[in-house]
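Open your viewer and get ready to click along. We will go from stop to stop, selecting a few residues each time.

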Amino acid sequence: MAKSRKRQRDLEEQAPTEQVDSPNDESEDDDGPVIEDDDATSSEEEDEGDAPKPTPQPVIQSSIKSDGRYNNKQRLLLLSSRGVTARYRHLLEDLRTMIPHSKKESKLDVGKNYSGGITGGGYGAAVNEIAEVRGCHTVLFLECRKRGQDGYMWLGRTSHANSSFEGNGEGAATAGGKHLMITGGPSVKFHITNIHTMDELKMTGNCMKGSRPVLSFDKSFDHIDHLKLIKHLFIDVFGTPRGHPKSKPFVDRVMAFYYADGKIWVRNYQILEEAAATAKEAHSQKKMTGHSHSTSLIEIGPRFVLNPIRIFRGSFGGQTLYVNNEFVNPNVARAMEKKTQGEKYVRRKGAQKKRKLKDESIVVPLDPLADVFK
């Protein structure tokens, strides 16, 4: 009896499990439920296809890939001729402070009988030889004439730049293994006027010594042919190479070049960012400009005006690429001024002579009654 009861309890316990498992077995054998699941998944995929997919954000990649090393090792030779005045000397010191990759050199005194190098005699041969010794690729030469009355600035690439390029062997295949500019170049001669140094201006702007500048050019430098070439020379001369040992990894000033009245106006500004002192000022500032802080430019100095005279293909000479026909030589301007003053003198002396002749021509007639009462 005990065995029969135990068997009956086992059958009762197995009965519900069989009822639960049977639907699962039927669903596995029947294809109906499987078709319904596929329909459901397909409808979900259609719903997802109707929804707009988010547009992927474009990845901005820099056109210049930097490895963080000091690769652009070009140097600038900064010197002047003998006989410069104090104003030009102070301007040269300001430029040395602004350009950390410059090489200082004493005043150049070259006689007319000096001859050497490929470029011939004069200042050009001497500057190219000094640049080759100092290892400089570009040059800024300040020349004074007429006892400091006229100042001329030379900018250009020296022969050392092309000789170092020739030594690399990269350009030997071009032009049949011959270089078209062995003597350096191009170079530009400017007439510099309206010079104001840092000490003379006493501006409130200030920047870190050795910081890299942002070079800002007028839109004319992208449309006028000779200004395009001058723009590249300005970048080589005033643009500090990245990673230079004497430069600072900061950008806190702007060098601006503007073209107006046929001349290039050079200015140097400090980039000043000021945060609002109160929440109200920050709100009004953000409402006007979209930023809670304000950015302004404060002039540092120096300032000067460059009038391009001539562009040469070589360094300090060679084939002429551009001539400024509107440029008037300062000697001619002074001669015209003296001539105008001389004409004034001639007119004044002529008026005096006419007055004297007129006084002599006036004769008072004798009075017949003048001796009556004597």
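Here is a tour that starts with the whole chain and then visits single residues.

**Before you click**

This is a predicted model, in which local features need pLDDT of at least 70 and side-chain atom pairs count only at pLDDT 80 or more, while totals for chains, interfaces and linings use all residues. Residues are numbered from 1 along each chain as its sequence is written, and side-chain values use heavy atoms, with hydrogens and water left out.

**Stop 1: the whole chain**

Show the protein chain as a cartoon: it has nine helices and 11 strands. These are DSSP runs numbered from the N terminus, with at least four residues (H or I) for a helix and at least two (E) for a strand. Of the 374 residues, 32% count as buried. Buried means under 20% relative accessible area, exposed over 50%, and partly exposed in between (1.4 Å probe, protein chains only).

**Stop 2: the largest nonpolar core**

Select Met 153, Phe 234 and Ile 264. Of the 33 residues in the largest nonpolar core, these three touch the most other members. The largest share of this core, six residues, comes from helix H7 (residues 225–238). A nonpolar core is a set of buried Ala, Val, Leu, Ile, Met, Phe, Trp, Tyr and Cys residues joined through side-chain atoms within 4.5 Å.

Which residues does Ile 264 contact, leaving aside its neighbours within four places in sequence? Among them are Phe 190, Phe 221, Leu 227 and Phe 304. Contact means heavy atoms within 4.5 Å. Apart from this core lies another, of 14 residues, including Val 110, Cys 136, Phe 141 and Trp 154.

**Stop 3: a loop**

Next, select Gly 262, in the loop between strand S7 (248–260) and strand S8 (263–275). Gly 262 counts as partly exposed because its relative accessibility is 22%. Beyond its neighbours within four places in sequence, Gly 262 is in contact with Asn 307 and Pro 308. Show Phe 327 too: Gly 262 and Phe 327 are 65 residues apart in sequence and 9.1 Å apart in space, C-alpha to C-alpha.

**Stop 4: salt bridges**

How many salt bridges are there? The count is eight, where a salt bridge is a side-chain nitrogen of Lys or Arg within 4 Å of a carboxyl oxygen of Asp or Glu.

- Select Glu 200 and Arg 87, whose side chains meet in a salt bridge (2.9 Å, N to O). The pair links distant parts of the chain, helix H6 (residues 198–201) and helix H3 (residues 86–98), 113 residues apart.
- Select Asp 236 and Arg 157, which meet in a salt bridge at 3.3 Å, N to O. Asp 236 is in helix H7 and Arg 157 in strand S4 (residues 150–157), 79 residues apart. Asp 236 counts as buried at 19% relative accessibility, whereas Arg 157 is partly exposed at 22%.
- Select Asp 222 and Lys 231, a salt bridge with its closest N and O atoms 3.0 Å apart.

**Stop 5: a surface patch**

Finish with Val 328, Val 332 and Met 336, which make a nonpolar surface patch of about 270 Å². Patches are made of residues with over 30% relative accessible area and no salt bridge, with like charges joined within 9 Å and nonpolar side chains (Val, Leu, Ile, Met, Phe, Trp, Tyr) within 5 Å. Met 336 sits in helix H9 (residues 330–361) and, at 52% relative accessibility, counts as exposed.

Notes: Accessible areas come from the Shrake-Rupley method with a 1.4 Å probe; for residues, only the protein chains shown count as cover.
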